[in-house]
Amino acid sequence: MSIILSTLNARYTHASLGLRYLQANMGDLQPQTEIMEFVIGGKTTEFAERLLAKKPKIIGFGVYIWNVEETARLVALLKRVAPEVKIILGGPEVSYETAEQAIVKEADFVITGWGEVTLPDLCRQILNGPQPLMKIHVGVQAKLDDLQLPYQLYTDDDIKNRTLYVEASRGCPFKCEFCLSALDKTAWPFELERFLAEMETLYQRGARLFKFVDRTFNLNIKTSLRIMQFFLDKIAAHPDDPVFAHFEVVPDHLPEALRESILKFPPGALQFEIGIQSFNPEVQTLVSRKQNNDKAADNIRWLVEHSHAHMHVDLIAGLPGETVESFGAGFDHLYALRPHEIQFGILKRLRGTPIIRHTDEFAMKYDPFPPYTILANRDIDFTTMQRLVRFARYWDLVANSGRFAHTLPVMLGDAPFARFMAFSDWIYAHTDATHRIALDRLARLVCQWLQGQGMGADEAEALINSDYAGKQPKVADKKTSAPQRQQMHLN
Ligand code: SF4
């Protein structure tokens, strides 16, 4: 095989859509191109051995924030043992601030931006000459209609065992400065009927879990409705064999027609990921995020109260101008709306994002190593930022896990952020750990904390047992294709 397209995924279940797009668009080189995916945390020498066993002339790597360090090691190792193999890098992590990166110094070529047109051209030059002179190639952005769609490259094994990523559009028209999609300036749709025909084929092959990577699924309501109707038709035709679809939506745009469609989805079939990021209007202005907070809150409330959609809502701590108090107020506001999950993220400085313009004024200190997490800023010192990081981790374990559904509201009382922060500080002082806390131990710790807050031992135990009697998610009333965590929330 002369060309291998490779990446290190964060998990086995993540099947790389990017690699499949590249392979689908290799043209006459496709028969000599193969995908090899690995998972981060494995042995670099084993990855190299398996790649070289294919005797490639070219290896292309997809480089992302979660794999850049390990990929850099792999590339360095490959260049030591097989310097004749040409290494091409692509992906968001090497598309900006390119030249200064160690991984780029080791590689032969880099494609910045889109790769579907430029990669086969570059491979042809490497294989047939004349040899390319430049190291860094700016990727040509194809018209989406000209791209081959990649979905037939999902194998039966992918369909059975992995999350299938799909996209009905690329790009985002908004310009939130912390986000890579801010650089797109617009969104481009794929031709809808062509896209849906591919979804139909995936469905007929057994796919039931579809994760849309569109940055703003509800941008064009006509398109959103058509895609949702596709899934509703499947559910209606086979109610005992349901689908699960995940969409990222902007929170302040939920017109009536979309609401009507959402209401038709049964439990366990629909998930929305909603970015709030901050409820603080000053912070929103600073990072160029346009959001109608009242509308967003109304829509989240409506979705929680009226629909069966599973709601995963994102907040980001560490944005310029956001204090702990204003973040906490936003957190409490969001918690009161009762989404199933609050994803509490810590700001990262993604390469190329315009948030860098606030670095001096807000004394933004970022970790120089991936994932470039904020360490401190003008309003939040390093120690406090670490408390927030731990809050996020424990929130995931206790709240987002859905394992303490009855206990959580009692823990949080009428001051969710302040009380969970107190719990977070307490549990860290008692365990010195944020990971590898077994569920039994976590339940005992929660019970102990409640008693420390004045609750009687019997009452605290009874409360914990009301959640904890069923450690495993109950089988939902109806069969569902929803992942286990969403099933916990459904219960
Ligand atoms: S945060 Fe969301 S809305 Fe803002 S630019 Fe990124 S993808 Fe678009």
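**Reading backbone, packing and core features**

Q: Where does Gln277 lie?
A: Gln277 lies in strand E12, which covers residues 270-277. Strands (E, at least two residues) and helices (H or I, at least four) are DSSP runs, numbered from the N terminus. This is a predicted model, in which local features need pLDDT of at least 70, side-chain atom pairs count only at pLDDT 80 or more, and totals for chains, interfaces and linings use all residues. Residues are numbered from 1 along each chain as its sequence is written.

Q: What is phi of Gln277?
A: Most residues other than glycine have a negative phi. In Gln277 phi is positive, near 70°. Arg436 also has a positive phi, near 55°, and its place is in the loop between H15 and helix H16 (439-452).

Q: Is Gln277 buried or exposed?
A: A residue is buried if 20 or more other C-beta atoms, placed from the backbone, lie within 10 Å of its own, exposed if 12 or fewer, and partly exposed in between. Gln277 has 25 such atoms within 10 Å, so Gln277 is buried. Arg436 has 7 and is therefore exposed.

Q: Which residues does a cis peptide bond join at Pro130?
A: Most peptide bonds are trans. Gly129 and Pro130 are joined by a cis bond with omega about -10°, and Pro130 sits in the loop between helix H5 (118-128) and strand E6 (136-138). A cis bond also joins Pro370 and Pro371, with omega about 5°; Pro371 is in the loop between strand E15 (365-366) and strand E16 (374-376).

Q: At what angle do H12 and H15 pack?
A: Axes are lines fitted to C-alpha atoms over the stretch in contact, and angles between N-to-C directions run from 0 to 180 degrees. Helix H12 (residues 324-336) and helix H15 (residues 416-431) pack at about 110°, with axes 8 Å apart. H12 is therefore roughly perpendicular to H15 (under 35 degrees is roughly parallel, over 145 roughly antiparallel, 65 to 115 roughly perpendicular, the rest oblique).

Q: Which residues of H12 make the contact?
A: Contact needs C-beta atoms, placed from the backbone, within 7 Å. H12 gives Gly328, Phe331, Asp332 and Tyr335, and H15 gives Pro416, Phe417 and Ala418.

Q: Which residues touch the most other members of the largest nonpolar core?
A: A nonpolar core is a set of buried Ala, Val, Leu, Ile, Met, Phe, Trp, Tyr and Cys residues joined through C-beta atoms within 7 Å. Among the 80 residues of the largest core, they are Phe178, Ala245, Leu315 and Trp395. Helix H13 (residues 382-400) gives the most to this core, seven residues.

Methods
Two residues are in contact if their C-beta atoms, placed from the backbone, lie within 7 Å.
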